[in-house]
Each structure stands twice: as structure tokens, then as C-alpha cells.
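The following questions and answers examine a protein structure step by step. Please consult the sequence and the structure while reading.

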Amino acid sequence: MQLLLRKIKLFEFLGDEAICRLTDVLERREVQKGKPIYEAGDPSEEIFFVWFGRCTARQRRADGKVEIKAEYATGESFGGESFSDEALRPHDVSCSMGCPRCKVLVLRKKMFERVFGNFQDLRKHSLLHDPRTAISDWCATLSAFVVCRPTSRDAIAKMIDRSAVGKGLNVKG
């Protein structure tokens with residue numbers, strides 16, 4: 001489960017301890033084929049991660065026809081687009097018809113904030129401490145072409161937590 005969480009962009013800069021705390025507050029839910037996970041108009045109080053199977057987002061159009069908005073597979077998340085505000089769900093999401101059942105991990109906003117604090121503050125903190133943001137801001141002041149070597153999410157998370165330092169992080173010109 002921790003490997004799945006590390007692949008999710010929202011949590012890419014969390015350290016090992018934070019990922020462990022996150023797994024403690026996740027709810028596991030099994031949903032049968034065609035059954036809803038949530039429906040349009042429901043409050044946005046959770047974010048979902050597909051642990052096993054496939055999920056489908058559908059929206060009913062004004063003419064009554066149902067339109068498929070998205071498909072989610074193992075390792076993908078959904079429902080987070082309005083996790084940071086008090087909006088209502090814009091569409092239905094259910095276990096895909098071609099899948100006998102799916103398993104999702106559910107992160108309730110209240111549990112998340114109990115462990116990590118305000119969601120918006122965490123997002124701002126992540127952006128402020130993301131080395132890529134600092135490099136991007138610095139590069140914007142230059143009139144030169146810059147190439148950056150990619151670094152793993154795990155390495156960046158450890159550098160932010162100050163539990164490790166990067167090798168060769170000096171900027172060369």
C-alpha cells in the first residue's frame with residue numbers, strides 16, 4: 001500500500017513516517033460491479049485510490065444520455081479535484097461493469113487534517129519546499145537554457161525531511 005501512495009502526486013514529498021501515518025487513516029472499501037462509490041451531488045469529503053480493479057466516472061447530460069468522463073485503474077486516484085473545497089461531486093463513480101469487483105482506499109478529509117493539518121497549508125508547504133519549484137523560480141530569472149537531471153520522488157522526500165542529502169546537488173554552469 002505504501003508503494004501505491006508514493007506514486008500519487010499529492011503525496012510524493014511525504015517522508016516514510018508521514019506515509020506510515022497516512023496508511024493508518026485509510027479506509028478500505030470493496031465495491032461490486034456497477035455499484036456506486038459516490039454519486040453526483042454528494043459532498044466532497046473523501047479522496048479515493050484504486051487499490052484493485054477499475055472504476056468509471058459518468059455524468060448525465062442535459063439530454064438524458066450518460067457520458068463516460070474518465071476510467072481509473074489500479075494506482076490512480078479520483079475525487080480529489082474538489083477535496084480542497086466544499087464543492088459537491090460533479091459526476092458518479094462506480095466499479096466498472098467489466099470488473100467483478102474493485103477495492104478502493106478512502107481518505108476522509110477530516111482524518112487527513114487530523115494527521116497532517118489543513119489540506120491547503122500542506123499543498124502550499126509542498127510547493128514551497130519542492131526543489132523543482134526553487135529551480136524553476138531561479139531559472140525564470142535567467143536568459144539561458146537550463147537542463148535539470150531528474151531525481152526520484154523518494155530522494156526529494158528524504159532531502160526535504162533532512163534525513164538525507166543529495167549527491168552532486170551543486171549547480172554547474
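Q: In this predicted model, which residues does phenylalanine 49 touch, not counting residues up to four places away in sequence?
A: The model is a predicted one. Contact here means heavy atoms within 4.5 Å. By that criterion, and leaving aside residues up to four places away in sequence, phenylalanine 49 touches Leu4, Ile8, Phe11, Leu26, Glu76, Ser77, Lys103, Val104, Leu105 and Leu107.

Q: Which residues have the most contacts inside the largest nonpolar core?
A: The largest nonpolar core has 16 residues. Those with the most contacts inside this core are Leu5, Phe11, Leu14, Leu22, Phe49 and Leu107.

Q: Which element gives the most residues to this core?
A: The elements that give two or more residues to the core are helix H1 (2-6), helix H2 (16-25), strand S3 (46-52), strand S8 (101-108) and helix H3 (109-116). The one that gives the most, with 4 residues, is H2.

Q: Which residue in S8 is the bridge partner of glutamate 27?
A: Strand S1 (residues 27-32) runs antiparallel to S8, and 6 bridges join the two. Within this pairing, arginine 28 stands opposite leucine 105 in S8. The bridge partner of glutamate 27 in S8 is valine 106.

Q: Which residue in S8 is the bridge partner of glutamate 46?
A: S3 and S8 also pair in the antiparallel sense, over 6 bridges. In S8, the partner of glutamate 46 is arginine 108.

Q: Why is one side of S2 and one side of S5 left without a neighbour in the sheet?
A: Here 4 strands form an open sheet with antiparallel pairing, in the order S2-S7-S4-S5. Strand S2 (36-38) and strand S5 (66-73) stand at its edges. One side of each is left without a neighbour because each has a single partner strand.

Q: By how many degrees are neighbouring strands of this sheet turned against each other on average, direction ignored?
A: The strands concerned are those in the order S2-S7-S4-S5. With direction ignored, neighbours are turned against each other on average by 30 degrees.

Q: How many bridges join strand S4 to S5?
A: Strand S4 (residues 54-60) and S5 run antiparallel. Alanine 57 stands opposite alanine 70 in S5. The number of bridges that join the two strands is 7.

Q: Which residue in S7 is the bridge partner of arginine 58?
A: S4 also runs antiparallel to S7, joined by 4 bridges. S7 (residues 92-95) pairs with S2 as well, in the antiparallel sense over 2 bridges, where proline 36 stands opposite serine 94. The bridge partner of arginine 58 in S7 is aspartate 92.

Q: Is tyrosine 38 buried or exposed?
A: A residue counts as buried under 20% relative accessible area and as exposed over 50%. Tyrosine 38 has a value of 4%, so this residue is buried.

Q: What kind of aromatic pair do tyrosine 38 and phenylalanine 78 form?
A: The structure holds 4 aromatic pairs. In this one, the centres are 6.1 Å apart, with 40 degrees between the planes. Tyrosine 38 lies in strand S2 and phenylalanine 78 in strand S6 (residues 77-78), 40 residues apart. The pair is tilted.

Q: What kind of pair do the rings of phenylalanine 48 and phenylalanine 78 form?
A: Phenylalanine 78 is buried, with a relative accessible area of 2%, and phenylalanine 48 is buried as well, at 1%. Their ring centres are 5.3 Å apart and their planes stand at 10 degrees, so the pair is stacked.

Q: Which residue lies over the face of tyrosine 38?
A: Tyr38 forms one aromatic cluster with Phe48, Tyr72 and Phe78. At 4.1 Å from the ring centre of tyrosine 38, over its face, lies arginine 89.

Terms used. Residues are numbered from 1 along each chain as its sequence is written. This is a predicted model: local features need pLDDT of at least 70, side-chain atom pairs count only at pLDDT 80 or more; totals for chains, interfaces and linings use all residues. Side-chain values use heavy atoms; hydrogens and water are left out. Two strands pair if DSSP finds at least two bridges between them. Axes are lines fitted to C-alpha atoms, for helices over the stretch in contact, and angles run from 0 to 180 degrees between N-to-C directions. A nonpolar core is a set of buried Ala, Val, Leu, Ile, Met, Phe, Trp, Tyr and Cys residues joined through side-chain atoms within 4.5 Å. Buried means under 20% relative accessible area, exposed over 50%, partly exposed in between (1.4 Å probe, protein chains only). Rings of Phe, Tyr and Trp (its six-membered ring) pair if their centres lie within 6.5 Å; planes under 30 degrees apart count as stacked, over 60 as edge-to-face and the rest as tilted. A charge sits over a ring if NZ of Lys or CZ of Arg is within 6 Å of the ring centre and within 35 degrees of the ring normal.
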